Structures are given as structure tokens and as C-alpha cells.
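Here is a short briefing on the fold and local geometry of one protein chain. Look over the sequence and the model before reading on.

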Amino acid sequence: MSPDVLEKLVSLCKRRGFIFQSSEIYGGAGSVWDYGPLGVELKKNLKDRWWHAMVRARDDIEGLDAAILMHPRVWEASGHVAGFTDPLVDCKACKARFRADQVAQAQCPRKPSRHPGEFADCQLTEPRLFNLMFKTFMGPVEDSAAVVYLRPETAQGIYVNFLNVQQATRQKVPFGIAQIGKAFRNEITPGNFIFRTREFEQMEMQFFVDPGQPSGGRTDMEWFEYWKEQRLQWHLALGLERDRLQFHQHTERELAHYARAAFDVQFDFGGTLGFQEIEGVHHRGDFDLSQHQQFSGKRLEYLDQPANRRYVPFVIETSVGADRTLLAVLVNGYREEAVEGEEEGRTVLRILPSLAPIKAGVFPLVKKDGMPEFAEKLAADLRPHFPVFHDESGAIGRRYRRQDEVGTPFCLTVDGQTMTDGTVTVRDRDTLTQERVAADRVREYVTRRLSA
Ligand code: ATP
């Protein structure tokens with residue numbers, strides 16, 4: 001994404017109520033963002049889409065909503081207490097802190113055109129490990145026994161509930177558990193708007209498979225390939241362009257010691273960011289369940305009754321960021337376009353209609369001759385079925401532009417003809433074509449187009 005587009009998106013998101021900087025009136029909280037009225041709808045639509053694809057539409061995945069605060073031993077077992085770290089160097093001269101592996105790209109706070117270490121008096125320390133988990137205390141006493149963490153990923157809530165869910169639902173391997181929830185990481189170099197933040201939402205699914213023999217007709221590696229493909233298709237169905245998506249296979253160096261294979265789904269954000277991870281698909285072996293078994297002293301084995309075998313399943317994980325994917329959707333859909341016959345161009349968010357926060361704008365052409373009342377009633381009739389925005393102020397062209405900018409797929413205009421034959425014009429955001437539809441058929445028309 002060119003800095004230009006990112007800046008424009010930040011401004012559009014603020015102006016139109018998608019995303020605000022957290023605690024802005026106090027100067028802002030570092031890399032934390034609030035979703036405004038339109039943003040919360042867009043994000044909800046995105047999460048609903050994931051939930052539908054991963055949970056509702058399948059009989060082999062169950063949903064879960066585990067708590068953010070967990071027993072601190074969870075994070076020892078998972079390896080986060082010891083290993084969820086970034087190496088940091090401090091500069092004793094300017095007191096700034098940098099990620100050791102990114103010093104060459106970092107800016108010196110004394111002169112942003114220079115990198116740390118380039119001034120004669122820079123004093124960079126040896127790298128030290130910095131844990132990215134936020135710590136807090138459970139209960140009234142602030143001592144080391146009361147330390148708990150804000151979860152840095154949602155997955156551990158799934159692992160510790162593996163048997164609860166399996167026994168409650170009587171699912172048989174292969175099956176999955178999915179959840180959507182907040183995660184927190186004290187990132188050293190957050191930034192690029194909502195790309196890397198300290199509080200974010202993840203949509204994660206852990207799929208449990210037989211480690212030794214095919215389950216559900218596939219081996220563990222075949223399940224891994226299956227989920228890679230499923231997740232790519234999901235991103236394509238979101239409307240992300242094919243040539244902006246690619247897989248990145250983790251190299252030997254990137255691969256976690258327990259992982260058998262890992263691929264990232266990357267999206268091309270353009271500009272200096274280029275291709276970046278939006279989702280990880282990981283074959284985690286039996287690492288997580290075995291660790292929790294060892295640390296908790298509780299068996300986390302699956303009993304395959306017909307075969308009378310007990311085993312710790314392998315896990316295939318799909319982990320996608322809701323905020324980062326939302327940014328991909330915005331970058332992918334943002335356009336500045338010339339409009340034939342008009343001097344001023346338009347800014348339009350070409351996002352999937354089912355993701356759009358507002359589905360239809362409803363406008364009376366002019367504020368007289370019964371048009372405002374007709375439009376108001378039409379909006380009221382449609383509102384229980386999908387979000388509509390009723391607007392009667394300003395020139396009609398301006399009202400269209402305001403809806404284009406927030407991605408509203410349809411604009412319904414009540415004009416003189418409506419008052420005689422009961423039809424309204426339906427303007428399509430992408431093609432700009434207008435067709436007349438009977439007002440009492442508009443609900444069905446829009447609903448049909450939204451599900452396409
Ligand atoms: P990165 O390398 O970008 O830090 P990661 O490999 O640590 O990401 P995972 O732990 O695999 O990320 O998390 C899965 C997904 O969660 C990522 O693909 C991303 O979409 C999202 N995510 C992770 N960290 C952040 C963050 N700080 N801000 C926003 N989204 C994030």
C-alpha cells in the first residue's frame with residue numbers, strides 16, 4: 001500500500017466513522033484503535049462470514065468462546081513465558097529501543113533519515129530478550145504468585161478445552177474447534193494503521209486429526225493441504241484479488257521446532273509493505289496437547305472407541321487476524337475513479353456487498369411532493385431486514401458519493417415517477433447503472449443481490 005493510500009484510508013476511516021485512534025483526546029494510545037459505527041458493522045460482517053464458513057456450514061467444527069484470562073501455567077506449557085520474545089537493543093544515548101533484527105530499517109529518533117548506530121555517540125546495547133505478553137495481577141495482591149497474562153493468541157483456550165468440547169459434542173476425530181476473540185501482544189514495532197496493533201482479534205480454528213493413520217479419508221498432511229486450500233478460497237471469496245494473494249512457505253529457520261509444516265497466506269498491501277501475512281496455516285503435530293498434558297497432569301487423549309485406541313491427536317491450525325484482513329479488504333477495495341460526464345471523480349470502496357456496513361442508501365430526490373415521506377417509510381420497512389441509511393440533505397450526486405465512499409452497494413431514490421407508479425431507481429455502486437424496481441419488491445431485490 002503506498003503511504004498515500006494508507007494515509008487516505010486512515011483519514012476516510014476516521015471521517016466516516018470506521019476506525020478512530022484509541023483515547024484520541026489524550027493524544028492517543030500507542031497502536032490501539034477503536035471501531036466506530038461503520039467499522040464495527042464491517043468487522044462484524046467479516047467475522048460472521050468466517051464463523052459461517054468455519055462453524056455453521058460444517059458438521060465437523062464446533063464453536064467456543066474461551067476467556068482471555070487463563071491459568072498462568074497455560075503460558076508456561078505453551079512456551080510463551082520462555083519463548084514469546086523479540087530481541088531488543090537499547091540506545092543509551094537517545095534511550096530508544098529497537099528490534100535487534102530491524103535496526104537497519106529503523107529510524108533514529110534524533111534524525112529519522114538516519115538509522116540507529118549511525119551517529120558517533122550512539123550506544124547500542126547487546127540484544128536482550130523482551131517478552132511480548134502483557135502481564136497483570138489476578139486478585140487484590142500484586143505479587144508474583146498473582147501474575148496472569150492477557151492471552152497473546154486464542155488457540156490455547158481451544159487446546160485446554162479439547163476434551164470438554166469433544167465429550168460434550170461427541171465429535172469424532174477428525175474434527176475442529178473454532179473461536180474468535182481478542183489477543184494482546186506488546187509489539188515493539190507496531191504500526192501501519194491496524195496492520196500491527198497491540199490489541200487485535202483473531203479467528204482461529206484447530207483441527208484434530210489422527211497422527212498415525214488416515215482419518216476422515218485423509219492423512220494428516222492431506223488435511224494440512226486441504227485447509228491451506230480452503231483458507232485461500234475463503235480469502236478469494238472475500239473479494240481479495242487473486243494476484244494480490246500468495247502462499248509463503250516457512251523456511252527451516254522460520255519453522256517452530258515442533259511444527260511439521262507452515263504456510264502463510266500473504267496479501268499484497270502494495271507500497272513499502274508489499275506482501276505480508278494475513279493468515280497462518282500450521283501443522284503443529286501433537287506439541288500443544290502433549291505440553292498441556294504434561295504441565296496439567298491430566299490426560300488429553302482421544303479415545304477411538306471402535307478401534308479401542310487412545311492417542312494425542314495432531315493439530316492443523318488456521319489462524320487469521322480479523323483486523324489485518326479488514327485492512328486487506330479496505331486496501332483491495334479502495335479506488336479513486338473518474339466518472340463519465342462528471343467533473344469530480346469519486347472515491348469508492350468496492351467491497352463485497354455482504355461485507356458493506358450499509359446495504360442501501362434511501363433518498364428522496366427532492367424534499368417535496370410526498371417524496372420524503374415515501375422514502376422515510378421505505379427506509380423504515382427495509383431497516384429490520386438490512387442496514388439502510390436514509391438521507392435527504394444535499395444534492396443527489398453528493399449523497400451518492402457519500403455512500404460510494406463507505407461501500408454501500410445500492411442507492412434507492414424516490415423521484416417524481418415513484419409518486420405515480422410506485423417504482424424507485426436502484427443505483428449499483430460498481431456499474432453505476434440504474435434500474436427501476438417496484439418499491440414493494442426492493443427488499444427482495446437487494447436481498448437477492450446481497451447473497452450473490
Ligand atoms: P507477524 O509475523 O506479522 O507478527 P505472526 O506470525 O506472529 O504475525 P500469528 O501468531 O501466526 O502471527 O497470528 C495469526 C494472525 O494474527 C496473523 O496472520 C495476523 O493476521 C494476526 N496478527 C498477529 N499479530 C498481530 C498484530 N500485532 N496486530 C494485528 N494482527 C495480528
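How many bridges join strand S19 to S21, and do the strands run parallel or antiparallel? Five bridges join S19 (residues 360-364) to S21, and the two strands run parallel. The model is predicted. The chain holds 13 helices and 23 strands.

**Overall figures**
- The C-alpha trace spans about 75 × 70 × 50 Å along its principal axes.
- The chain has 452 residues, and 50% of them are buried.
- Of the contacts between residues at least 6 apart in sequence, 63% join residues at least 24 apart.
- The accessible surface is about 21800 Å². Carbon and sulfur atoms account for 49% of that surface.
- The chain carries 59 positive and 64 negative charges, and their mean positions are 2 Å apart.

- S21 covers residues 410-414, and five of its five residues are buried.
- In a regular strand, side chains alternate between the two faces of the sheet.
- Phe 410, Leu 412 and Val 414 are buried on one side of S21. Cys 411 and Thr 413 are buried on the other.

**Helix H11**
- H11 spans residues 396-405.
- Its buried residues include the charged-type side chains Arg 399, Arg 401, Asp 404 and Glu 405. Tyr 400 and Gln 403 are buried in H11 as well.

**The seven-stranded sheet**
- Seven strands form an open sheet with mixed pairing, in the order S3-S9-S10-S16-S13-S12-S11.
- Strand S3 (61-63) and strand S11 (245-249) are the edges, each pairing on one side only.
- From one strand to the next, the twist averages 25°.
- Helix H7 (residues 220-237) packs on this sheet. H7 touches S3, S10 (199-209), S11, S12 (261-268), S13 and S16. The direction of H7 makes about 155° with that of S13.
- Helix H9 (residues 322-333) lies across S10, S12, S13 and S16. H9 runs at about 50° to S16.
- S13 (residues 275-285) and S16 (residues 314-321) run antiparallel and are joined by six bridges.
- Gly 285 has Val 315 of S16 as its bridge partner.

**Backbone exceptions**
- Most residues other than glycine have a negative phi, and most peptide bonds are trans.
- Which bond is cis here? A cis peptide bond joins Val 173 and Pro 174, with omega about 10°.
- Pro 174 sits in the loop between helix H6 (162-169) and strand S9 (175-184).
- Ser 23 is not a glycine, yet its phi is positive, near 55°. Ser 23 belongs to the loop between strand S1 (19-21) and strand S2 (33-35).
- Is Ser 23 buried or partly exposed? Ser 23 counts as partly exposed because its relative accessibility is 36%.
- Phe 193 also has a positive phi, about 60°. Phe 193 is in the loop between S9 and S10.
- Phe 193 has 6% relative accessibility, so it counts as buried.

How values were computed: Residues numbered from 1 in each chain as written. Predicted model: local features only at pLDDT ≥ 70, side-chain atom pairs only at ≥ 80, totals over all residues. Heavy atoms only, no water. Helix = DSSP H or I, 4+ residues; strand = E, 2+ residues; numbered from the N terminus. Buried < 20%, exposed > 50% of the residue type's maximum accessible area, 1.4 Å probe, protein only. Contact = heavy atoms within 4.5 Å. Areas by Shrake-Rupley, 256 points an atom, 1.4 Å probe, with all protein chains shown as cover. Charge placed at Lys NZ, Arg CZ, Asp CG, Glu CD. Pairing = 2+ DSSP bridges. Axes fitted to C-alpha atoms, helices over the stretch in contact; angles between N-to-C directions.
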